[in-house]
Amino acid sequence: MVGKHSVKGRVSVAAFLLFLFASAPVVFGQGSATSPRDLSPADADRILKAFTAKETEFRLALNQYSFKRDAILQSIGMGGQVTGEYHRVSYFTFDDQGNRYEKISFFPMPSFGAVTQEDLDDLGGVEPFALEPSKISKYDFKYVGKEKIDELSLYVFDVTPKVIPDPKKTKERLFVGRVWVDDQDLQIVKTKGKGVPETKINKFPVVETYREQFGGKYWFPTYSYADEELLYDSGDTLHVRMKVRYSDFAPARADVKIIEIDDPETQKKETKPPATKPNKP
């Protein structure tokens, strides 16, 4: 989120929806107490290797699914009233070349700041997971204890980058926060955290993300939420709220045909009428 007086209130929507958050120290405690049951270094390492391997598997699996994303960003004024909103509902599927494709079904005129084309381009991407498997080596993990959420018994780990990326040298962003891992399947079922780095004028709220199991195997993120007043180096504040829901997960199929219009043979094939009248659905 860019400060109100930095770039005329410009809001970094894409980074926000990709779960990239602020870099100031935050306590990631929850309502229920965490039981400090120690793990041996060998057990902690075994659990770490297991759930990071699952992250890789789930990301690959998600690339085979289509789903719906309903994203709402709001600015909140005095008294809790909504002063601006960015609402975008999309279906993510694949074209016939295997590229992820966003089909926007609902997108009213935003009233939440000025959104750039770069924001819109990035918003078409999907990054619901907190940890990038290829960057696991860049993190330190600390076992905190065990916690029970609903019927799940969970291992809790704090996650911090070994080195904070320099925003002047790289666009790389890393996660800092906490992850909850099911003690039976050794899979992440919840995350709460933020991304680093940030700048003096660009701040992001802490986001809490819950996952659900699909197909008896994959734990996909289904709900993310943030509600926080961001404080900028200038002294300005911005109260933001975010809700993102993921639903309608289904094995994907290519339903968007790509045609190379500069290929006359392809054009001819695609414009030729069918030999027989297709059956009505």
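What does the accessible surface of the protein come to, and what percentage of it belongs to carbon and sulfur atoms? In this predicted model the accessible surface comes to about 15600 Å², of which 52% belongs to carbon and sulfur atoms; areas were computed by the Shrake-Rupley method with a 1.4 Å probe, and for residues only the protein chains shown count as cover. The model is predicted, and local features therefore require pLDDT of at least 70 and side-chain atom pairs pLDDT 80 or more, whereas totals for chains, interfaces and linings use all residues. Residues are numbered from 1 along each chain as its sequence is written, and side-chain values use heavy atoms, with hydrogens and water left out.

The protein contains 4 helices and 11 strands, assigned as DSSP runs numbered from the N terminus (helices H or I, at least four residues; strands E, at least two). Of the 281 residues, 42% are buried, where buried denotes under 20% relative accessible area, exposed over 50% and partly exposed in between (1.4 Å probe, protein chains only). Among contacts (heavy atoms within 4.5 Å) between residues at least 6 apart in sequence, 60% join residues at least 24 apart.

The largest nonpolar core has 20 residues, a nonpolar core being a set of buried Ala, Val, Leu, Ile, Met, Phe, Trp, Tyr and Cys residues joined through side-chain atoms within 4.5 Å. The elements that contribute two or more residues to this core are α2, β1 (65–76), β5, β9 (218–231) and β10 (237–251). The residues with the most contacts inside the core are F67, Y218, F220 and F249. Apart from neighbours within four places in sequence, Y218 is in contact with E57, F58, A61, Y65, E212 and Q213. A second, separate core of 19 residues includes L131, Y143, F157 and I188. In soluble globular proteins, nonpolar side chains tend to be buried together.

Aromatic pairs were counted for rings of Phe, Tyr and Trp (its six-membered ring) with centres within 6.5 Å; planes under 30 degrees apart count as stacked, over 60 as edge-to-face and the rest as tilted. The count comes to 17 aromatic pairs. F51 and F141 form an edge-to-face pair, at 6.0 Å centre to centre and 75° between the planes. This pair links distant parts of the chain, with F51 in helix α2 (residues 41–62) and F141 in strand β4 (residues 139–149), 90 residues apart. F51 is buried, with a relative accessible area of 0%, whereas F141 is partly exposed at 21%. The rings of F51 and F157 have centres 5.5 Å apart and planes at 55°, so this pair is tilted. Because F51 lies in helix α2 and F157 in strand β5 (residues 152–161), the pair ties together parts that are 106 residues apart in sequence. F157 is buried, with a relative accessible area of 2%. One aromatic cluster is formed by F58, Y65, F67, F92, F214, Y218, F220, Y246 and F249.

Charged side chains also sit over rings, a placement that requires NZ of Lys or CZ of Arg within 6 Å of the ring centre and within 35 degrees of the ring normal. The charged end of K146 sits over the ring of Y155, 4.8 Å from its centre, and that of K190 over the ring of W180, 4.4 Å from its centre.

In the loop between β3 (100–106) and α3 (117–123), P110 is partly exposed at 26% relative accessibility. P110 and Y86 are 24 residues apart in sequence and 4.7 Å apart in space, C-alpha to C-alpha.
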